Amino acid sequence: MPETLAAPPFTARIVERLGVSPTSRRERVIHSLDGLEAPVTPQNLATTGACLWQRIQHHVAEELGPVDFLLGLDAGGILPTVSLAAAAQLPYKIAWKLHLPLDGAVRFSEPHAMRTDVFAYGITPGQRIVLVDDEVTTGRTLANLTQALREAGAIPLAAACLVEDTARGARSLLTEDLGLPLVALTTIEAEA
């Protein structure tokens, strides 16, 4: 399976998921911040966040303007969101798979998950938000979140991820169809 190296010491690759149902995705992107293969040091977390923030500044800084906060996705998006928030000196929020009686609830779907409903809270019209996740494959989750935020009057400015798997067309869906810039720390290229 393909492996790629972005900014040392960050690595990512695709592995086969064992024991999954026939309707589930057979592969999973794993990376050096998920702690699956090796412990993650605070320095690696900080360096990865700083590298991702540099990429954002390089690729979409002019389109961003002021950012109110980062919105990370439960569960894989938590660490990249925290590391990016520290590097960018921006506040963050996390969208959770918890349906709670909180104000400003925005509901969206993570179509490939076992529990598909995800909720972002405290969303109000005019908020300028950068979306963050660990990996982007199909782009459907970020597309669903983008549409739900726009319906609530919020302004998704860009999406940032650690790893973009180019095999399933997420970039086209997000950037071309929805006008949401996608910035990835690294990509795993589709096999020919």
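Helices here are DSSP runs of H or I with at least four residues, strands are E runs of at least two, and both are numbered from the N terminus. With that, the chain reads β-β-β-α-β-α-β-β-β-β-α-β-α-β from the N terminus on. That comes to 4 helices and 10 strands.

The radius of gyration is 16 Å, close to the 16 Å of the globule rule for 192 residues, so the chain is as compact as a globular protein of that length. The radius is taken over C-alpha atoms, and the rule is 2.2 Å times the number of residues to the power 0.38.

A word on provenance. This is a predicted model: local features need pLDDT of at least 70, side-chain atom pairs count only at pLDDT 80 or more, and totals for chains, interfaces and linings use all residues. Residues are numbered from 1 along each chain as its sequence is written, and side-chain values use heavy atoms, with hydrogens and water left out.

Overall numbers next. The C-alpha trace spans about 45 × 40 × 30 Å along its principal axes. Buried residues (under 20% relative accessible area, with exposed over 50% and partly exposed in between, 1.4 Å probe, protein chains only) make up 46% of the 192 residues. Now contacts, meaning heavy atoms within 4.5 Å. Among those between residues at least 6 apart in sequence, 58% join residues at least 24 apart.

Now the helix pair. How do helix 1 and helix 2 pack? Helix 1 is residues 42-64, helix 2 is residues 78-88, the angle is about 70°, and the axes are 8 Å apart. That makes the two roughly perpendicular, a label for 65 to 115 degrees; under 35 is roughly parallel, over 145 roughly antiparallel, and the rest oblique. Axes are lines fitted to C-alpha atoms over the stretch in contact, and angles run from 0 to 180 degrees between N-to-C directions.

Who touches whom? From helix 1, Leu 45, Gly 49, Ala 50, Leu 52, Trp 53 and Ile 56 meet Leu 79, Ser 83, Leu 84, Ala 87 and Ala 88 of helix 2. By class, that contact has 9 nonpolar, 2 polar and no charged residues.

Stay on helix 2. Its buried residues are Pro 80, Thr 81, Ser 83, Leu 84, Ala 85 and Ala 88. Their cover includes helix 1, strand 4 (69-73), strand 5 (92-95), strand 8 (128-136) and strand 9 (155-165). Just after helix 2, Gln 89 takes a positive phi of about 55°.

Last, Gln 57, in helix 1. Gln 57 counts as partly exposed, at 34% relative accessibility. Gln 57 and Ala 88 are 31 residues apart in sequence and 9.7 Å apart in space, C-alpha to C-alpha.

Methods. Ala, Val, Leu, Ile, Met, Phe, Trp, Tyr, Cys and Pro count as nonpolar, Asp, Glu, Lys and Arg as charged, and the others, Gly among them, as polar.
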